[in-house]
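Welcome! Please take a moment to look over the sequence and the model below before reading on.

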Amino acid sequence: MRAVRDPASAATGSDNFLEVVTTRPEAGCVTEPLKKVLGAQVRDLRLARHLSQEGRAEELGVSTRYLAGLERGERNLTRDSVDALAEQLGVEAHALIVRR
């Protein structure tokens, strides 16, 4: 897996990364938006702990609708928000952005 730099950020010197490229033997090389990877990881953590969206949303202090959008990869989070979410979930931040 590798992160792909946003072409626009190369000109500005920014460290924004838009997508994560994952390689899985069964799928070959696939490019996924980072927010989709993060959402899938949040969903996988919730399901592994046998929690409903309602239960997880309550624990995180967010609405069920917000959590559902996050899990679907529809929410853009700041780096600080990813760090805070990881802390609330009891995982390292990189665990939320690395597809397993």
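## The chain as a whole

This is a predicted model, and its chain has 100 residues. The secondary structure comes to 6 helices and 3 strands.

## Surface, burial and contacts

Of the 100 residues, 28% are buried. The chain has an accessible surface of about 6,400 Å², and carbon and sulfur atoms account for 50% of that surface.

Now for the contacts within the chain. Among those between residues at least 6 apart in sequence, 42% link residues at least 24 apart.

## How helix 2 and helix 5 pack

Two packed helices are described by the angle between their axes and the distance between those axes. Here, helix 2 covers residues 34-48 and helix 5 covers residues 79-89. Their axes come within 12 Å and cross at roughly 15°. Angles under 35 degrees count as roughly parallel, so helix 2 and helix 5 are roughly parallel to each other. The crossing in which helix 2 passes helix 5 is left-handed.

## Where the two helices touch

Which residues of helix 2 meet Val82, Leu85 and Leu89 in helix 5? Look for Leu38, Val42 and Leu45 on the helix 2 side. The residues of this contact between helix 2 and helix 5 comprise 6 nonpolar ones, with no polar and no charged residues.

Definitions and conventions: Residues are numbered from 1 along each chain as its sequence is written. This is a predicted model: local features need pLDDT of at least 70, side-chain atom pairs count only at pLDDT 80 or more; totals for chains, interfaces and linings use all residues. Side-chain values use heavy atoms; hydrogens and water are left out. Axes are lines fitted to C-alpha atoms, for helices over the stretch in contact, and angles run from 0 to 180 degrees between N-to-C directions. Helices (H or I, at least four residues) and strands (E, at least two) are DSSP runs, numbered from the N terminus. Angles under 35 degrees count as roughly parallel, over 145 as roughly antiparallel, 65 to 115 as roughly perpendicular and the rest as oblique. A crossing is left-handed if the near helix is turned anticlockwise from the far one by less than a right angle, and right-handed if clockwise. Contact means heavy atoms within 4.5 Å. Ala, Val, Leu, Ile, Met, Phe, Trp, Tyr, Cys and Pro count as nonpolar, Asp, Glu, Lys and Arg as charged, and the others, Gly among them, as polar. Buried means under 20% relative accessible area, exposed over 50%, partly exposed in between (1.4 Å probe, protein chains only). Accessible areas come from the Shrake-Rupley method with a 1.4 Å probe; for residues, only the protein chains shown count as cover.
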